[in-house]
Amino acid sequence: MRVVLMLLMFISCFALNANTHPIEGKIIDCESKVGIQYVNVIVEGTSKGAVSDGSGKFIINNIPMGNYTIAISSIGYDDIRVPVSVDDERKNSIITIPLCEKSLELEQFVVTGTRTERQLKDVPIQTQMISRKAIERMQVTNFKDLLEYELPGVEFTNNGGFANINMMGFGGKYVLFLVDGERMAGETFDNIDYNRIDMDNVQQVEIVKGAASSLYGSNAVGGVVNLITQKPQKSFETNAAVRYGSNNEQHYRLGIGTRQKWGYANLTSSYKAMDPYLLKDTEPLTQWFADGSKVEQMLSQTYIAGFTDYNITPSVGFNISKKFNLDVKGGYYFKERNSGGLEGRKVQDHYYNYSGGAKATYDISDKQSISLSGNYDRYDKYKYYKLLSEDEKNYENAQIRLSTLYNLSFGKNHSLVVGAEYFSDDLTTFMFQSDGETAKRTAQTYALFTQQEWLLSDKVTLVSGLRYDYHSQYKGHLTPRLTAMYKPVQRVSIRGGYSGGFRSPTLKELYTDWFHPDGGGFQIIGNKDMKAEKSDNFNFSTEVSLGKTVITGIAQYSFIKNMVNTLWLNQDTVLYANIGDAQVLSTELSSTSQINNHLSLKFAASYTKDNLGKRSIVRPFSATARIDYVIPVFGKYKPTIGLNGKYFSGVNIYGTGDIANISSTGIEQEVSEEYRVYYEDYAIFRLSISQILPYNFVLNAGINNLFNYKAKFSSFYSSISPGRTFYVGLKWKL
């Protein structure tokens, strides 16, 4: 009897399996036709599913005969549902399923605006993102070029041979630059070293326009720019790049990474170089005085510095358990700056950066987690005397940041963020002593902050935040935030709110005591009696999604109390001081359209106005435009052509100079009078082409400044473009 029962069970199982078949398929990119890894495939109404392998293939076994729907999803691609029939006729068939990248970036996740991961469309704080795809299409190797071409209201000018940013009416000291949420040490003329950033290692750039001091503290009055670096996604991946261009531009890059069950490891390295180039005046810089007279300066020429730099960035992450992750990273960067001309052949600047950090994250439960992080970043500057082969150190900035962050989700989509930070800023420079000897100054900041996000209904989200900073020089500061997002209909989002802001004067502004040898020589003096800047910031934005088109309008108003700037005491002394209150109003209108799988358009325009009057250096209007077209030829080897443009309106910049005057005695004498210099409006365009080749190669080429615009004269507020330049590059990825 037992034998009979076993035989019946065997026959039943055989019959059952005979009525089941696997679902086999391959997931491919709809454009490149290349298989996509890590795609989730679920048979709806069952617990069965699979994940695609490195070639995009998947198999789901033992599916009873019948009609089903499989749900397919992957980060960066549109979710789709596909009907499938399981029967004897199709038991050996393999289905091919194309996935297309999301047409717009609103489905992407960002973290900067709230310090928690949110889809861009659901972030209550107005946040802009530049995706990896956009970075690749721009074909830029320099972070500065990406910001200037991609964002309206951003202009870089020449300040002492260094790049100087103005973003929506705010200079570099009001914009906080982060890499994976960590501050960057070192600055020159209030700007970071933009060459430090390896654009090929950036996954996305997140920009929060307007004050974000309630989450990030000092320097975040004008906005936050956070660069998120890449992590490997495959069991083995490697990439390499080479590029050559005008002015002896060279760029070489090599990266290697792996993603395993235990975590990931990644190593990137790059080398970049470009020769200095010379800007020659074609018209004199003309100073117009109030009485109608003018002074034409002599035609001059200005060198824009060249550079040679290289960096290496290792990172590793460990999945210690299902709940505990540890990330460790480091970095080394070196740059040699050649100012050009005879001086550049004798003396050059050397820059070194050393960085390292670790972050541990523990998921207490599905709804709460805690993270601990520590980061060290040091930036050194040296004068290198080539004929003597000697280095002279004149600057060292070291920053240490320790932080903890607690995230809690509760109720119906409510969340709470609580954090604490310690930040130490050390600066050693010869500019702190009149005799040229180096001296060290230090400041520490201790901070506590919290932010709560309340989903009051399906249409209304409210964010409240509060931060307390205790600065070793400026004591305590409370910074509040209150923001709301309202979705009256499905495709419309309205955001608005208030954010406090503050900025403690930097160590340079407090303690400088330096004789500047150029311009006839003058003394620059810091001021320990200054007050910290405080600001009230209001913002309003509207976002309308029309399928493949998104239109966004932004308006921001900032009132800054006790603004810090330089003040001329007399003809040979400059003092850092609180110069009074300032107001900045900025607006922006942008439109992004994915017309079809081949054509995308983007346009943005901004208008900025402040109340600084004749102290203002802001070009009031600017606009950007971009067209990308994928030519539907050559199958999966389709070429892409891109055209970018940037326009800046003209501006009057005021100064004080000497002009000849006849005294009552008939003697000619020099008197100081105010003058203005008009800087013309201008536009710069950029043409690029990208061609996919066999074996995962991509050929890139382009023309910068397509119509060969050159400023008529070179000064602090003119374009520093050398005119039309060319480049060609080759990338490979496995």
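Colleague: Why is the contact between Asp-628 and Arg-137 called a salt bridge?

Modeller: In this predicted model, the closest N and O atoms of Asp-628 and Arg-137 are 3.9 Å apart. The cut-off is within 4 Å, so the pair counts as a salt bridge.

Colleague: How do you know whether Asp-628 is buried or exposed?

Modeller: The relative accessible area of Asp-628 is 4%. Buried means under 20%, so Asp-628 is buried. Asp-628 also meets Arg-626 in a salt bridge, at 2.9 Å from N to O, and Arg-626 is buried as well.

Colleague: What makes Glu-509 and Arg-503 a salt bridge?

Modeller: Their side chains meet at 3.2 Å, N to O. That is within 4 Å, so the name applies here too. Both residues are buried. Elsewhere, salt bridges that share partners join Arg-115, Glu-182, Arg-401, Glu-421, Arg-467 and Asp-469 into one network. The structure holds 39 salt bridges.

Colleague: Why is the space in the second largest cavity called a cavity?

Modeller: The name means that a 1.4 Å probe fits but cannot get out, so this space of about 770 Å³ is called a cavity. Its lining has 43 residues, with Arg-183, Asn-219, Gln-399, Phe-423 and Asp-425 nearest the centre. Strand β30 gives the largest share of that lining, five residues. By type, the lining divides into 19 nonpolar, 13 polar and 11 charged residues.

Note on methods: Residues numbered from 1 in each chain as written. Predicted model: local features only at pLDDT ≥ 70, side-chain atom pairs only at ≥ 80, totals over all residues. Heavy atoms only, no water. Buried < 20%, exposed > 50% of the residue type's maximum accessible area, 1.4 Å probe, protein only. 1 Å grid on protein atoms, 1.4 Å probe; cavity = no way out; pocket = protein on both sides within 12 Å on 5 of 7 lines; lining within 4 Å. Points joined across faces, edges and corners; volume = space filled by probe spheres on them. Helix = DSSP H or I, 4+ residues; strand = E, 2+ residues; numbered from the N terminus. Nonpolar A, V, L, I, M, F, W, Y, C, P; charged D, E, K, R; others polar.
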